[in-house]
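The structure goes in first, and my entries follow.

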Amino acid sequence: MSRLGDTIKQARIAQGLSEKALAKKCGLAESFIKQVEQGTRIISDEQAQRVLKKLGVNNPISTELEVAAEPPVKLRPKPRPYVMPMPEQTAAVAASTITDAEAEASDAWLDALSGVVKRVPVMGEDGLVIDHVPVPITSGKIEGGAPDKVLFYRCPDDALRGYRIHAGDLLLTIPASAVEDDQIMLVQYKGNRIARKLTKQDGGKLLLQSYDREFAAERVDRKDVVLIGKCVKLERRL
């Protein structure tokens, strides 16, 4: 028997009510009341409050749904903008608040793994880094791209559902200098970064294709689209 079921049963007996009488007062089935009292049926908070109120129990709350207070969660730092590195750019080291010992240990760990694993940034549609994913480096490359120039794009919606790409999936993206026909590519368009299947059109036009529940395509000027990279691998997040 559960704590809540025991409370209901004791209050019902104290008032001289049968399961059937209590069920009728609460607009519930007699079998439902019996199962709740036996602890074999889960009762919603709203139903529990209704039953306990009919029984005249003070502070009618569901003791089954009480949750211990959790400690405050430290907020993550505000995401920083991520810009695709250019060949002439050098890496800049941001100011850090970690201790010298932590920095030294982190540097040693990264040095040990350099050339083997790269923490690839995960970017949202607003261009902010929201996470990192460790990815193995093979022959100095990640899926054919320079390790320092690849990124993951997290799909914000199901715009590519028809291509078996869903909201929350990560698309590994490597730099690309030109549009490739019928390829999923990451572009910046109207202020947002989006992944679309691209097709070149005559007259300097591009077809941005999506496929949620229905196929859709938008014909745009090539000059209005900034090409970021080619999506070469899908990682599904569970």
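I looked up the sheet and found nine strands forming an open sheet in the order β2-β1-β3-β4-β9-β5-β6-β7-β8, with mixed pairing. Strands pair here if DSSP finds at least two bridges between them, and helices (H or I, at least four residues) and strands (E, at least two) are DSSP runs numbered from the N terminus. At the edges I noted β2 (129-136) and β8 (215-221), each with a single partner strand, so one side of each is left without a neighbour in the sheet. Neighbouring strands of this sheet are turned by 40° against each other on average, direction ignored.

This is a predicted model, in which local features need pLDDT of at least 70 and side-chain atom pairs count only at pLDDT 80 or more, while totals for chains, interfaces and linings use all residues. Residues are numbered from 1 along each chain as its sequence is written, and side-chain values use heavy atoms, with hydrogens and water left out.

Val122 has Phe152 in β3 as its bridge partner.

Turning to the helices, I found that the axes of α1 (residues 3-14) and α4 (residues 45-54) come within 10 Å and cross at roughly 25°; axes are lines fitted to C-alpha atoms, for helices over the stretch in contact, and angles run from 0 to 180 degrees between N-to-C directions. In the contact (heavy atoms within 4.5 Å), Leu4, Thr7 and Ile8 of α1 meet Ala48, Val51 and Leu52 of α4.
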